[in-house]
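These are my notes on one structure. I looked up how its parts meet.

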Number of protein chains: 2
Amino acid sequence: MKIGIIGSGAIGTYYGAKLAHAGNDVHFLMRGDLDDVRREGIFVRGEGENFRVEKVSCHSSTKEIGPCDLVVIAVKSTSNLEIVDRVPPLLHERTMLLTLQNGLGNEEFFAEHFGADHILGGLCFIAITRKSHTEVDRTAHGDIVLGEFNRPAQPRTRELAAIFERAHIRCHLRDDLALERWRKLIWNIPFNGLSIVAGGVDTRFILANEHLREGTLDLMKEVIAAANKCGHALSKDAWRKHIEWTEAMGPYKPSTLTDWESGKPLEIEAIWGEPVRRATAAGAQMPRTEMLYVLLKQLDRKRRPE
Amino acid sequence: MKIGIIGSGAIGTYYGAKLAHAGNDVHFLMRGDLDDVRREGIFVRGEGENFRVEKVSCHSSTKEIGPCDLVVIAVKSTSNLEIVDRVPPLLHERTMLLTLQNGLGNEEFFAEHFGADHILGGLCFIAITRKSHTEVDRTAHGDIVLGEFNRPAQPRTRELAAIFERAHIRCHLRDDLALERWRKLIWNIPFNGLSIVAGGVDTRFILANEHLREGTLDLMKEVIAAANKCGHALSKDAWRKHIEWTEAMGPYKPSTLTDWESGKPLEIEAIWGEPVRRATAAGAQMPRTEMLYVLLKQLDRKRRPE
């Protein structure tokens, strides 16, 4: 299977390297990191895995890569408009376009440009850091929850899951991808948001502080209610698992906080803006999420030069 | 009329100086600023007024001052517990205890300690800065909205208003003080809160930014709905006047932001905590205000050493 990886952050580099290490024909689209990776390859470190992909096929142009069977989109959703013109050379009639991005609206965006039939989505449950152009460290998990855009799993989805599994990436097929996107928001909306707006705090701090914990629970319940109003049946106490899981995980800095601290773009629209807009359209209220959205937009705008 | 002023910030200094300048028998409780004020007096500057009170009666102990006919409480509500033991020497049977503090809960606090009959409350509509121990600059307005605690205006309330008016302080008597407290919260809850949480921005910035403006309107409507649920009949569009008035005023830094920037305590409980608690008790929801409350508590805690 010929695979193209768009986006050489931690996610693209890690899953691309895993797929290449398992013998797939993987091609990376890269920019500044191209020479380093060509020279040194990619090092992956994590519990139970320590390997180097020596010869990495990397390119600065999608025309050089040409049509693929699978294209993995692993850029920040804030870059969607930048990459959309570079995708067409990667497509043939049956190319699967898999977005591993956060939040809501990414499948819709690519479906609009390239046709809904091409589109799949994946949610990455992973704690990972890109140490340099050529090194990624995985600190926890690594699973992908995989689904088709707006339809149940197809034969190709199962084939794709099998390819991931052969590359030692645990893969969970789901028939309702949108439901899973909302389920992940139960976590992302409070923790990613509060970690920044409360002044740079991690998950342990948030859960230990009486007021922030209360705020987190309120936000989680608000997300669940909005999801249900939008037709995605999350159970009323779905927040419990997220809290238990986060408590078990120990202190963790949400990726958005790391991005914030290093001056990188935040996926504000995908994580907060789009859920609020969909909830509003469905007649639901997300006042707490809206407050976070307003504040994040403003804080983000303030740190950037006009 | 013998008057004691507790609290020598901008509010206490300004109104105390006005009352003294008009010939009342005014005594200030002071701390570090005592020597400066004894030596230099108090200078008041503002449109249409420029005067100095030369001989200021200031004291470091309320026992020295002794029983007064009127005691003005002008400390931050965060200091209520500190001053409560110092009040008794100032009281006789018919002393009026007037709190000029912000937010909810101050009348109740002093009523509990000294009896409801003593208590009056005032809302100051003023833009004022204390330039030094001995100087205050008034930049706009100066009116006081005055009322009795939990009862309509009494003969003594009218007498007190007359004393203020004779000191050239415009005074508006109200029969329902609690309603006026909630009315002021329509402004304080959004502007004081957002100005800090959005990263240090003034009223003009908030109203010019599409998202912060929207957040402000949502917060105002939330306050109005909660007030009504608590039995205070604010009209549904009461927010309009506040917006018009704020737009006319030009850029203004809410006092809480000034306090925040200079590391002073914030009246978080009086402005955000107590309204949320009362609304909750009345079965109303203030989710946006609650988010601000949570974030302000946390940001405030973070800037202070444990």
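**Between the chains**

I began with the salt bridges between chain B and chain A and found a count of 2; the term means a side-chain nitrogen of Lys or Arg within 4 Å of a carboxyl oxygen of Asp or Glu. In one salt bridge the side chains of Glu290(A) and Arg288(B) meet at 4.0 Å, N to O.

I note that this is a predicted model, in which local features need pLDDT of at least 70, side-chain atom pairs count only at pLDDT 80 or more, and totals for chains, interfaces and linings use all residues. Residues are numbered from 1 along each chain as its sequence is written, chains are lettered from A and ligands numbered from 1 in the order in which they are written, and side-chain values use heavy atoms, with hydrogens and water left out.

I then looked up contacts (heavy atoms within 4.5 Å): 26 residues of chain B touch 26 residues of chain A. The two chains bury about 2,200 Å² between them, with 66% of it on carbon and sulfur atoms; buried area is the accessible area (1.4 Å probe) that two parts lose on being put together, summed over both. His211(B), Met291(B) and Gln298(B) supply 25% of the area that chain B buries against chain A, more than any other three residues.

**Symmetry**

I superposed the copies by least squares on the C-alpha atoms of residues with pLDDT of at least 70 in both. A rotation of 180 degrees with 0.0 Å of shift along its axis puts chain B on chain A, at RMSD 0.0 Å. The copies are thus related as by a two-fold rotation axis. Arg288(B) has the C-alpha nearest the axis in chain B, 2.7 Å from it. Of the interface residues of chain B, 100% are also interface residues in chain A, so the copies meet through the same surface.

**Between the domains of chain A**

I took the bounds from an automatic or database domain assignment: domain 1 of chain A is 2-175 and domain 2 is 179-303. Their C-alpha centres lie 25 Å apart. The contact takes 22 residues from domain 1 of chain A and 17 residues from domain 2 of chain A.

The area buried between these two domains is about 1,700 Å², and carbon and sulfur atoms give 55% of it. Lys76(A), Asn102(A) and Leu104(A) supply 41% of the area that domain 1 buries against domain 2, more than any other three residues. I counted 4 salt bridges between the domains. Lys76(A) also forms a salt bridge with Asp259(A), the closest N and O atoms being 3.0 Å apart.
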